[in-house]
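Here's a quick briefing to read alongside the model. Have the sequence and the 3D view open as you go.

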Amino acid sequence: MDLDTLITIAPNLFLPAAFAGVFLKAMLLGLGVAAPVGPMAFLCMRRTLAGGWRLGLATGAGIATGDGVYAGIAALGLTEVSAFVTDHGRPLHLLAGLFLGWLAYAALRPKPAGPETLQGDNRPAALSTLSLPRAWASSFLLTLTNPPTIIVFAAMLTAFVPLSALSGAEVARLRIATTVAGVAAGSLLWWVVLVAGVAALRGMMAPRVARALDITAGLAFLAFAAVELHRAVLP
């Protein structure tokens with residue numbers, strides 16, 4: 001192999017390693033954004049306790065999808081979309097506040113008394129009739145009502161996955177796709193771990209403990225709803 005041929009193909013030899021590095025950095029970014037305890041964590045935990053691991057995982061998948069969408073907007077530099085979302089921050093905060101208020105009501109309202117029914121795996125029967133697609137869609141839309149997430153991703157992607165990391169139009173498009181996939185995978189990894197932990201404890205919880213957790217989640221939803229409504233009303 002002559003020197004000219006080697007120089008031509010050399011960049012392609014390093015592309016897999018470069019993309020692997022981009023994916024791992026984006027995955028850590030998605031994991032870091034998802035991990036802090038917030039309304040989405042309480043939502044995922046409560047749905048896991050109420051409806052089982054499938055409902056919790058559907059909720060986490062919706063959140064991860066929303067994170068991936070915002071990471072894609074940030075990575076693509078879609079200023080028009082970013083500007084539209086940030087300019088309409090108040091209506092989005094209002095929608096988020098109302099939805100979180102409804103979640104607070106659902107968590108705090110007294111549950112009908114009655115004997116527990118058991119499923120085949122000897123766990124408490126599901127307290128929610130929410131379908132998996134609706135669980136995914138509601139958590140996805142709730143994630144999209146947080147416009148500052150775009151700013152967070154834009155800042156962190158610039159620092160950890162810079163646009164100049166890989167050059168060339170085709171390579172740039174692959175880099176963006178790899179970044180989005182990495183962020184979504186990192187976010188989903190966190191929700192899988194959280195759901196697995198909560199689901200493992202679900203069958204061992206006494207009704208009083210489950211009710212106490214419901215009340216805690218309800219109060220947390222109420223506090224987050226107040227914050228969102230405050231952002232919607234005041235400049």
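UniProt positions are given in the numbering used here, feature names are shortened, and annotations may be inferred rather than shown by experiment. Residues count from 1 along each chain as its sequence is written, and side-chain values rest on heavy atoms, with hydrogens and water left out. What you're looking at is a predicted model: local features need pLDDT of at least 70, side-chain atom pairs count only at pLDDT 80 or more, and totals for chains, interfaces and linings use all residues.

- pLDDT is the predictor's confidence in each residue, from 0 to 100; the protein averages 76, and 72% of the residues score at least 70.
- Helices here are DSSP runs (H or I, at least four residues), strands are E runs of at least two, and both are numbered from the N terminus.
- Confidence is lowest in helix α1 (residues 3–34), with a mean of 64, and highest in helix α6 (residues 132–144), at 90.
- Residues 1–14 stay under 50 in pLDDT, and the model gives them two contacts (heavy atoms within 4.5 Å) beyond four places in sequence.
- Residues 114–127 also stay under 50, with 23 contacts beyond four places in sequence.

**Transmembrane annotation**
- The unreviewed UniProt entry lists "transmembrane region" at residues 20–43, 55–79, 91–108, 140–164, 176–201 and 213–233.
- Residues 91–108 are 100% helix and 0% strand, with end C-alpha atoms 26 Å apart.
- Residues 176–201 are 100% helix and 0% strand, and their end C-alpha atoms lie 38 Å apart.

**α2 against α9**
- The axes of α2 (residues 39–51) and α9 (residues 207–233) come within 10 Å and cross at roughly 150 degrees; axes are lines fitted to C-alpha atoms, for helices over the stretch in contact, and angles run from 0 to 180 degrees between N-to-C directions.
- That's why α2 and α9 are roughly antiparallel (over 145 degrees).
- On the α2 side, Pro 39, Phe 42, Leu 43, Arg 46 and Leu 49 take part, meeting α9 residues that include Leu 213, Asp 214 and Phe 224.
- By class, this α2–α9 contact has nine nonpolar residues (Ala, Val, Leu, Ile, Met, Phe, Trp, Tyr, Cys and Pro), two charged (Asp, Glu, Lys and Arg) and one polar (the others, Gly among them).

**α5 against α9**
- α5 (residues 89–108) packs on α9 at about 160 degrees, with the axes 7 Å apart.
- α5 is therefore roughly antiparallel to α9.
- The contact of α5 with α9 has 17 nonpolar, four polar and five charged residues.

Key: Angles under 35 degrees count as roughly parallel, over 145 as roughly antiparallel, 65 to 115 as roughly perpendicular and the rest as oblique.
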